[in-house]
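I opened a new notebook page for this structure. These entries record what I looked up, in the order I looked.

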Amino acid sequence: MKCEDGYALYEQLKDGANVEVDYGEKNYGFVFIGERTGTRNYLSVTDSNGEEKRFGWGWGSEQVWRALAHLEAGWSTKQTPPYRHYDESEEEEGGLAY
């Protein structure tokens, strides 16, 4: 798929499909990982070398737009905002344990 419309890409991804996207001269694999709700989920984008970048949390169009903005900025640029894993088991009453 040549990526010209982020919403069209999201429509293909929202049901769990793995979509190959041509962006510029490179190919990337997009797929949502994890459950649709909660914090244990993200959009996985993998380049042709197998390097993965994660965008999340959530199965939403916002993650698709962030991924596309990152591709536009360049695969090797700093990811903004950075993906941070969230572990509910680290929660304590009144806040997170650090």
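**Ground rules.** I call a residue buried under 20% relative accessible area, exposed over 50% and partly exposed in between (1.4 Å probe, protein chains only). By that rule, 35% of the chain's 98 residues count as buried. I am working from a predicted model, where local features need pLDDT of at least 70, side-chain atom pairs count only at pLDDT 80 or more, and totals for chains, interfaces and linings use all residues. I number residues from 1 along each chain as its sequence is written, and side-chain values use heavy atoms, with hydrogens and water left out.

**Layout.** I take helices (H or I, at least four residues) and strands (E, at least two) as DSSP runs, numbered from the N terminus. I find two helices and six strands in the chain. Along the sequence I read α-β-β-β-β-α-β-β. I define contact as heavy atoms within 4.5 Å. Among contacts in the chain with a separation of 6 or more, 34% come from residues 24 or more positions apart.

**The helix pair.** Two packed helices are described by the angle between their axes and the distance between the axes. My axes are lines fitted to C-alpha atoms, for helices over the stretch in contact, and angles run from 0 to 180 degrees between N-to-C directions. I looked at α1 (residues 6-13) and α2 (residues 61-73): their axes come within 9 Å and cross at roughly 125 degrees. That makes α1 oblique to α2. The scale I use is under 35 degrees for roughly parallel, over 145 for roughly antiparallel, 65 to 115 for roughly perpendicular, and oblique for the rest.

Which residues meet? From α1 I list Gly6, Tyr7, Leu9, Tyr10 and Leu13; from α2, Ser61, Val64, Trp65 and Leu68. By class, this contact of α1 with α2 has seven nonpolar, two polar and no charged residues. I count Ala, Val, Leu, Ile, Met, Phe, Trp, Tyr, Cys and Pro as nonpolar, Asp, Glu, Lys and Arg as charged, and the others, Gly among them, as polar.

**Aromatic rings.** Rings of Phe, Tyr and Trp (its six-membered ring) pair if their centres lie within 6.5 Å; planes under 30 degrees apart are stacked, over 60 edge-to-face, and the rest tilted. My search of the whole structure finds four aromatic pairs. One of them is Tyr10 with Phe32, edge-to-face, at 6.4 Å centre to centre and 85 degrees between the planes. Tyr10 lies in helix α1 and Phe32 in strand β2 (residues 26-34), so this pair ties together parts 22 residues apart in sequence. Phe32 also pairs with Trp59, stacked, at 5.2 Å centre to centre and 15 degrees between the planes. Trp59 is in the loop between β4 and α2, so its pair with Phe32, in strand β2, ties together parts 27 residues apart in sequence. Phe32 is buried at 4% relative accessible area, and Trp59 is buried at 16%. I note Tyr10, Phe32 and Trp59 as one aromatic cluster.

**A cis bond.** I found a cis peptide bond joining Gly56 and Trp57, with omega about 20 degrees. Trp57 is in the loop between β4 (52-55) and α2.

**Two more residues.** Is Ala67 buried or exposed? Ala67, in helix α2, counts as buried at 1% relative accessibility. Leaving aside neighbours within four places in sequence, I see Ala67 in contact with Phe30, Leu43, Val45 and Phe55. Asn49, in the loop between β3 (41-47) and β4, counts as exposed at 71% relative accessibility.
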